[in-house]
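Here is a friendly walk through one protein model, with an eye on its charged pairs, its strands and its helix packing. Have the structure open and follow along.

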Amino acid sequence: MFGSKNKPLQVTEPQRQDVSGAVTSVIVRYVRQLSGDEGVIRMLQLARDTRPVQLLEDPTSWSSYAEALRLFEGARAVTGDPAVAMHIGEEMLRQHQATEVGDLFRSLGSPGRLLSNVARAAAKFSTTEQVDALEVGNAHAVVKAMAKPGFRRSLYMCDFDKGLLSQIPVLFGLVPAVVTESECQARGGRFCLYSLSWEERQWSNFVDQRGSLYTAAWAEKQVVEARSELDLTPEEKIAQLEEHLRVVTKRLEDVYATAADLLSEEDIEALLARITTRAARAVNAPRYLLTVQTTPSSKVQMHQHGFTSAEASALVNELSKEHPDDHGGSHLIVEVESRRRHYGKLAAVYPEGTQFFAQEKRILAVYANYAATALDVITALDDSRRQNATTQALLDFASSLTGATSQQEVSRQLSTVLQKVTGARDTSVYIHSPTTQRLTLVAEGSDSEHQESLDKTEMDQPFIDLADPANANLRQKLFSAKTTFALQWDAACPGAKVILGSSINDIALITPIISMDNLLGISVIKFENNSATAILNREDLLKRLAGLSDQASTALLKASLLEQISHMAWHDALTGLPNRRLLEDRVEQALARSQRSGESITMFFVDLDRFKNVNDTLGHAAGDELIKQVANRLVEATRRQDTVARLGGDEFAILLPGLGDKQVIDELAKRLLVALGRPFILEEQEVYVSGSIGVSIAPEHGQSYDELISHADAAMYKSKERGRNTFSMFDTTLETTKTHTMHIEVDMHHGLEREEFFILYQPLVDLRTNSPIGVEALVRWHHPELGTLEPENFLPAAEESELIVRLDQWVLRTATKQLVKWQRSGFPQLHLAVNISWRDLVISSFKDLIQQILEESAIDPSTLELEITERVIIDEDGIVESTIQQIKQMGVRFAIDDFGTGNSSLAMISRLPFDTLKIDKSFIEEIGERDPEGALVGTIISMATSLGFDCIAEGVETNYQKDLLLRHGCNKAQGLYFSPPLPSNEIEPLLKNLTR
């Protein structure tokens, strides 16, 4: 497309344009004829001229006056001809016998008519002199020539003019004129005065055409006068007609070649260059400028020769007027237009005071017509291509949006399709944040390198603050406009300056991206002022922009939800920091880079000291606030390229790529301890905590994530043993973690034997009736030394040692017996949910255990629900699925627990016969300040329901969360809002109270 493919040519500062290439080309040929190519090279050396010979031989090129004089001087030295300039002047018109210039001169009809226009004729060769005819008769003339201001008359130019004037009659089939110079400006006269006389009659062709008739026929008596009227033999007449036919045929061939050449060109830039080149040969002027606008919405393109940048800009502005100034005839201006479209103007320019022949406007108009016809062909082809490309672009855009998973990806696709649909070079997309009231630039179509620079944090991206009063008008338009509107540069509007930059003459077309009256973002197209107006008048394009905006709004909403889900999967819900999963991914990437570069990697494991005291004294809300403040301090104390992650509870890990210097590591660890040692403000109270840090370094302490995190954790325990509030480096003797795990395993064996484990129960509530429908069994451990342990403190060790199978069997039997008691005491439909491990499902005897429990308890199988995590989805052998199917046939229900914390999707889960999906509490926590409408949870509920799952929300703590879950269609929940986990003797009264 013209808007993107063809850029305006760069304007270079030209050399002086004083003497035409028509002159320099004859100088080169004359010297070559007498002295060969070696003579030409020698001439250029003497003239100190480093330009290529081909350039000097190009009739459309121009030289400075000084360059031309040095060439004359070099030619005289090489040829030894003292009258070299006169002989070159004599050659000039002979060389132009069969050219456009020769045709132009002959079209005047006679030597006298040509001499009457000698000022215009002389300008074809040099703009350094003013030549005027003082007197013109039938066979004589008097011509005055003088240097223009700024130039000094040279004897070379005097001789050149003399030779040139002598050959004027030859153009009309006559013998050369006798020329005498009665006054010479170069020799001190006021001007050069030439007297010419020639014969009106045609003389026979045996007269030597190099000499004057008078000097040859009468002065030297070498020839005799021919008959008064030339009587040509039939053979001579035939030869003369054949020569005339050859010239006419050559002209026609040139015309056809020009038309065919231009019509076959498909590249607009090359076409403009050819047009100006062809016009330069037809109308030999020192400067040309062609302006073209291929479509109303495209930029004005320019091709010029001989102008400075300031001169070119001034002439472009002049040509844009309806009636441009021709500067007294020194500017020859023609329209480039066809019946189909007006494209621009073509101008040939002489210095002020010099005029063109009247016939030259017709000649230039012919080339302008050629150009318009060629442009018709190109633009018609381009229109067709653009329509096809637009249709394909719209189809590609719609297709690409289905796979877009981020708002930035959607924005990039939109910016790209806007370029294809509108032909604009500059397109961009801004995303709106309702929280900050900012429009942030996320995608640009004008510069791929700049687009890469937008892949930064939001704080580094250009943005528009709609809360700024100075942007009030822009804000009003964005929130009220439903269609595309124009935005002009406004110094008082910061938003306009962000969008348009320094392009004060441009205009931006803004299309709001809206969904249900909510502004999601804007698309921006920048044009020149007149192009933007043309776009606004194109109803078809405005409809297309509106359609693209609608498509983008749907895709942005979808991408936003996916980003939130993805963010939850990869980030900690409380702090927003990367979670263990994302940390592991970044560590593996850093290790891969480290293996290539040899750089070290450092891992910090940070654990807060006495964090439990804060929870016990100030409550869990204060504990959560402390965790968030700690996260902020860790991020502030580390580098931008580092990763601070929350592993869970009060544990953090910090990845420090490229860091291996022990001294720097020590300084950073001390800085972190100082940051954690400052007081925290919780519920208007000062709270002091400290941290214990463990350090491991790759590759010396390990070359995998598990090794680095395990060894950093072991070093952290060493810091705890040293009294806390310190840091320790891992060494090979530190195996605290492994020892701790081994001790836990041993203690669990004894704990099961000594019945140290116990079960707490948490109610599952029907939100519609506020009545209990079931309980979840949650195991705890009364450790004789460590006190009461939560599951996260012993279940990982149990999973590794397979003690989990024994523990799960004990929980199942114990909880089922308790369920039977409750069902017999007034709660016959009460359900029981029990967590089991994936290890249970790969043991063939597990289904037999379930069958035995059902037979022993005689409970309704549908009142027992087994909860498993998303890990069961990874079931390469199909054993887990087979076991689930067999137990399902018994009537037992299955639930996916903590959905959203693993790697699976609803589509993957739907492959297995689950009944219930339990939404992890991290998603429920988002309902409130972060997600007031619960859009993310609503999406999960909607998708789960459509797949046939029964939804239970975990971790409900407020009435607002409860009500919002009901509105989104989730009818079941558990959480502290209803009850914490309680012993069996305390749960029954609560169940009775909930039913009231």
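## A buried lysine

A residue counts as buried when its relative accessible area is under 20%, and as exposed when that value is over 50%. Lys 918 has a relative accessibility of 0%, so it counts as buried. Please keep in mind throughout that this is a predicted model.

Where does Lys 918 sit? You will find it in strand β30, which covers residues 916-919. Leaving aside residues up to four places away in sequence, Lys 918 touches Leu 764, Glu 776, Glu 867, Ile 896, Asp 897, Asp 898, Phe 899, Ile 952, Glu 954 and Gln 974. One of these neighbours, Glu 776, makes a polar contact with Lys 918, side chain to side chain, at 3.1 Å.

Side chains of opposite charge can pair when their charged atoms come close. Lys 918 and Glu 954 do this through a salt bridge between their side chains, at 3.7 Å from N to O. Salt bridges with shared partners join Glu 776, Glu 867, Lys 918 and Glu 954 into one network.

How many salt bridges does the structure hold? The count is 28. One of them pairs Lys 720 with Asp 609, with the closest N and O atoms 2.7 Å apart. This pair links distant parts of the chain: Lys 720 is in helix α25 (residues 705-721) and Asp 609 is in strand β17 (residues 601-609), 111 residues apart. Both Lys 720 and Asp 609 are buried.

Another salt bridge joins Lys 888 to Asp 915, and here the closest N and O atoms are 2.7 Å apart. Lys 888 comes from helix α31 (residues 879-888), whereas Asp 915 comes from the loop between α32 (906-909) and β30, so to speak a link between distant parts of the chain, 27 residues apart. Are these two partners buried or partly exposed? Lys 888 has 23% relative accessibility and therefore counts as partly exposed. Asp 915, with a relative accessible area of 16%, is buried.

## A strand with partners on both sides of the story

Now turn to strand β4 (residues 140-147). Six of its eight residues are buried, so β4 is largely enclosed by the rest of the structure. Strand β3 (residues 129-136) runs antiparallel to β4, and seven bridges join them. Three residues lie between β3 and β4, which form a hairpin. To find your place in this pairing, look for Glu 129, which stands opposite Ala 147 in β4.

β4 also pairs with strand β6 (residues 192-197), in the antiparallel sense and over six bridges. A handy landmark here is Lys 144, which stands opposite Leu 193 in β6.

## Two helices that cross

Two packed helices are described by the angle between their axes and the distance between the axes. For helix α2 (residues 21-46) and helix α4 (residues 65-79), the angle is about 65° and the axes are 9 Å apart. The crossing of α2 past α4 is left-handed. On the α2 side, the residues making the contact include Val 23, Ile 27, Val 31, Leu 34, Gly 39 and Leu 46. On the α4 side, they include Leu 71, Phe 72, Gly 74, Ala 75 and Val 78.

## Helix α35 and its cover

Which residues of α35 are buried? They are Gln 961, Lys 962, Leu 964 and Leu 965. The cover over these buried residues includes α33 (921-925), α34 (935-946) and β31. After α35 comes Gly 969, which has a positive phi, near 100°.

## The whole chain

Stepping back, the protein has 36 helices and 32 strands. Of its 996 residues, 50% count as buried. Among contacts between residues at least 6 apart in sequence, 65% join residues at least 24 apart.

Technical notes. Residues numbered from 1 in each chain as written. Predicted model: local features only at pLDDT ≥ 70, side-chain atom pairs only at ≥ 80, totals over all residues. Heavy atoms only, no water. Helix = DSSP H or I, 4+ residues; strand = E, 2+ residues; numbered from the N terminus. Polar contact = N/O pair within 3.5 Å; in protein donor to acceptor, adjacent residues only side chain to side chain. Contact = heavy atoms within 4.5 Å. Buried < 20%, exposed > 50% of the residue type's maximum accessible area, 1.4 Å probe, protein only. Pairing = 2+ DSSP bridges. Salt bridge = Lys/Arg side-chain N within 4 Å of Asp/Glu carboxyl O. Axes fitted to C-alpha atoms, helices over the stretch in contact; angles between N-to-C directions. Left-handed = near helix turned anticlockwise from the far one by under 90°.
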